[in-house]
Amino acid sequence: MVKNLFNEELRVAEQFSEDERLVTVCDDALKCASSLPTNFFSLIVTSPPYNIGKEYERRSSLRDYLAEQKPLLAQLVRSLKHTGSLC
């Protein structure tokens, strides 16, 4: 449970469903994004790898990094409403 700005408790689901209000997903990002409905979300917040050599990430060239991110971004944009935001 989390609390919103009005101190109301909200349940956070761990698996996507169109009926849930809040969902956090810890999974392969591309696999998850590919299964999301089209033109559905108003807001998507994600944290891609920074590609700066942190212990938990594999650093690659900028070209390779962008090529790896492109399919994921395409799926996230597909799932956004036309008025939605991706952060």
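The model described here is predicted. Within it, Asp28 belongs to the loop between β2 (9-10) and α1.

The side chain of Asp28 reaches the backbone of two residues in α1, the helix of residues 29-34. One of its polar atoms lies 2.8 Å from the backbone nitrogen of Lys31, and a polar atom of this side chain is also found 3.4 Å from the backbone nitrogen of Leu30. Arg58 stands 30 residues from Asp28 along the chain, and 15 Å separates the C-alpha atoms of the two.

Beyond α1, the chain passes through a loop to β3, and Asn39 is placed in this loop. The phi angle of Asn39 is near 55°, a positive value in a residue other than glycine. Asn39 has a relative accessibility of 38% and therefore counts as partly exposed.

The next element is β3, which comprises residues 41-44. This strand pairs with β4, residues 80-86, in the parallel sense, and three bridges join the two. Leu43 has Ser85 of β4 as its bridge partner, while Ile44 stands opposite Leu86 of β4. In a regular strand, side chains alternate between the two faces of the sheet.

Between β3 and α2 lies another loop, and Asn51 is located there. Asn51 is not a glycine, yet its phi is positive, at about 60°. Is Asn51 buried or partly exposed? With a relative accessibility of 10%, Asn51 counts as buried, because the cut-off for that class is under 20%. A polar atom of the Asn51 side chain lies 2.8 Å from the backbone nitrogen of Ser60.

The helix α2 spans residues 62-79. Taken together, β3, α2 and β4 form a β-α-β unit, and this unit is right-handed.

Several of these elements also meet at the largest pocket. This pocket holds about 960 Å³ of space. It is lined by 31 residues, and those closest to its centre are Val23, Thr24, Val25, Ile44 and Val45. The elements α1, β3 and α2 each contribute at least two residues to the lining. What classes of residue make up the lining of the largest pocket? It contains 19 nonpolar residues, together with six polar and six charged ones.

Note on methods: Residues numbered from 1 in each chain as written. Predicted model: local features only at pLDDT ≥ 70, side-chain atom pairs only at ≥ 80, totals over all residues. Heavy atoms only, no water. 1 Å grid on protein atoms, 1.4 Å probe; cavity = no way out; pocket = protein on both sides within 12 Å on 5 of 7 lines; lining within 4 Å. Points joined across faces, edges and corners; volume = space filled by probe spheres on them. Helix = DSSP H or I, 4+ residues; strand = E, 2+ residues; numbered from the N terminus. Nonpolar A, V, L, I, M, F, W, Y, C, P; charged D, E, K, R; others polar. Pairing = 2+ DSSP bridges. Right-handed = clockwise from strand over helix to strand, strands pointing away. Buried < 20%, exposed > 50% of the residue type's maximum accessible area, 1.4 Å probe, protein only. Polar contact = N/O pair within 3.5 Å; in protein donor to acceptor, adjacent residues only side chain to side chain.
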